[in-house]
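Subject: Structure handover

Hello,

The structure we discussed is below. Notes on what was found in it follow.

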Amino acid sequence: MSEQGDRVGIDELLDRVREGLDRVEPKQAFAEAAEGALLVDIRYAALRDQDGLIPGALVVERNELEWRLDPQGSHRAPQAVSHDLRVVVICNEGYASSLAAASLRDLGLHRATDLIGGFQAWKAAGFPVEV
């Protein structure tokens, strides 16, 4: 059993993870997507059905993310062509996406990051959404 001092709460873990990410605002994510960055929507189906989709974003359920984006993986998405690929992970509000982007970085996708505020920030900023 570890000492209580060894334990990390989710808020501290999130802070640590975010220190290693160059997180982007919706405007930057939109511009990067236009330049070839891959936007990856990890929201679950009910949220996508409720709020819509970002046109052109790759939809990957969170529990499949690493398998679908590992360029060396046997179950990779066609878009997962290189460890140099710029990936912007999008969840609903920008929390789970930070953890997901860190996981992708652990796989060697060194340019992976996430969208500050998630899908809700994208939509609030007036960027395209398909209903």
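Accessible areas come from the Shrake-Rupley method with a 1.4 Å probe, and for residues only the protein chains shown count as cover. On that basis the accessible surface of the chain is about 7,300 Å², with 49% of it belonging to carbon and sulfur atoms.

This is a predicted model, in which local features need pLDDT of at least 70 and side-chain atom pairs count only at pLDDT 80 or more, while totals for chains, interfaces and linings use all residues. Residues are numbered from 1 along each chain as its sequence is written, and side-chain values use heavy atoms, with hydrogens and water left out.

Overall fold

The chain has six helices and four strands; these are DSSP runs numbered from the N terminus, with helices being H or I of at least four residues and strands E of at least two. Their order along the sequence is α-α-β-α-β-α-β-α-β-α. The radius of gyration, taken over C-alpha atoms, is compared with a globule rule of 2.2 Å times the number of residues to the power 0.38. For 131 residues a compact globule would come near 14 Å, and the chain, at 15 Å, agrees. The C-alpha trace spans about 50 × 35 × 25 Å along its principal axes.

Of the 131 residues, 41% are buried (under 20% relative accessible area; exposed is over 50%, partly exposed in between; 1.4 Å probe, protein chains only). Counting contacts (heavy atoms within 4.5 Å) between residues at least 6 apart in sequence, 67% join residues at least 24 apart.

Helix H5

H5 covers residues 96-106 and includes Leu 99. Its buried residues are Ser 97, Ser 98, Ala 100, Ala 101, Ala 102, Ser 103 and Leu 104. Their cover includes helices H1 (10-19) and H4 (65-69) and strands S3 (87-90) and S4 (113-114). Leu 99, by contrast, is partly exposed, at a relative accessible area of 30%. Just after H5, Gly 108 has a positive phi of about 100°.

Aromatic residues

Rings of Phe, Tyr and Trp (its six-membered ring) pair if their centres lie within 6.5 Å; planes under 30 degrees apart count as stacked, over 60 as edge-to-face and the rest as tilted. This gives three aromatic pairs. Trp 122 and Phe 127 make a tilted one, at 5.2 Å centre to centre and 40° between the planes. Both Trp 122 and Phe 127 are buried, and together with Phe 30 they form one aromatic cluster.

Regards
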